[in-house]
Amino acid sequence: MFKDFEVEYAGKVTCLSDYVGKGQYVLVDFWASWCNPCRAEIPNLIAIYNKYREKGLVVLGVAAWDQP
């Protein structure tokens, strides 16, 4: 089970449920541009995606801001 949520970017609303349950693995990464450990993790996420994308891995990045 998962808690569905939605985000809006460039006028388009996307939900986690758009990806979950579609026969693929979904990794959700919450990050912020001001978070140095978050930014340092990006090369690892790219490597994981490149290694497993053909097996159905999707990586979703959700940027978090200071204000909701």
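The structure holds one aromatic pair. The model is predicted. The two rings belong to Phe5 and Phe30, with centres 5.8 Å apart. Their planes meet at 45°, so the pair is tilted. Phe5 sits in the segment before strand 1, whereas Phe30 belongs to strand 3 (residues 25-31). The pair therefore ties together parts that are 25 residues apart in sequence. Phe5 has a relative accessible area of 28%. Phe5 is therefore partly exposed.

The disulfide count comes to one. Cys35 is joined to Cys38, with an S to S distance of 2.4 Å. The distance falls within the 2.5 Å cut-off, so the pair counts as a disulfide. The torsion about the S-S bond of Cys35 and Cys38 is about 75°. The disulfide is therefore right-handed. Both Cys35 and Cys38 are buried.

The largest pocket has a volume of about 510 Å³. Its lining comprises 17 residues. Closest to the centre are Val7, Tyr9, Gly61, Val62 and Ala63. Strand 1 (6-9), strand 2 (12-15) and strand 4 (57-63) each supply at least two lining residues. Strand 4 gives the largest share, with six residues. By class, the lining has 12 nonpolar residues, two polar and three charged.

How values were computed:
Residues are numbered from 1 along each chain as its sequence is written. This is a predicted model: local features need pLDDT of at least 70, side-chain atom pairs count only at pLDDT 80 or more; totals for chains, interfaces and linings use all residues. Side-chain values use heavy atoms; hydrogens and water are left out. On a 1 Å grid over the protein atoms alone, a cavity is a set of points where a 1.4 Å probe fits but cannot get out, and a pocket is an open set with protein on both sides within 12 Å along at least five of seven lines; lining residues have an atom within 4 Å of a point. Grid points are joined across faces, edges and corners, and a volume is the space filled by probe spheres set on the points. Helices (H or I, at least four residues) and strands (E, at least two) are DSSP runs, numbered from the N terminus. Ala, Val, Leu, Ile, Met, Phe, Trp, Tyr, Cys and Pro count as nonpolar, Asp, Glu, Lys and Arg as charged, and the others, Gly among them, as polar. Rings of Phe, Tyr and Trp (its six-membered ring) pair if their centres lie within 6.5 Å; planes under 30 degrees apart count as stacked, over 60 as edge-to-face and the rest as tilted. Buried means under 20% relative accessible area, exposed over 50%, partly exposed in between (1.4 Å probe, protein chains only).
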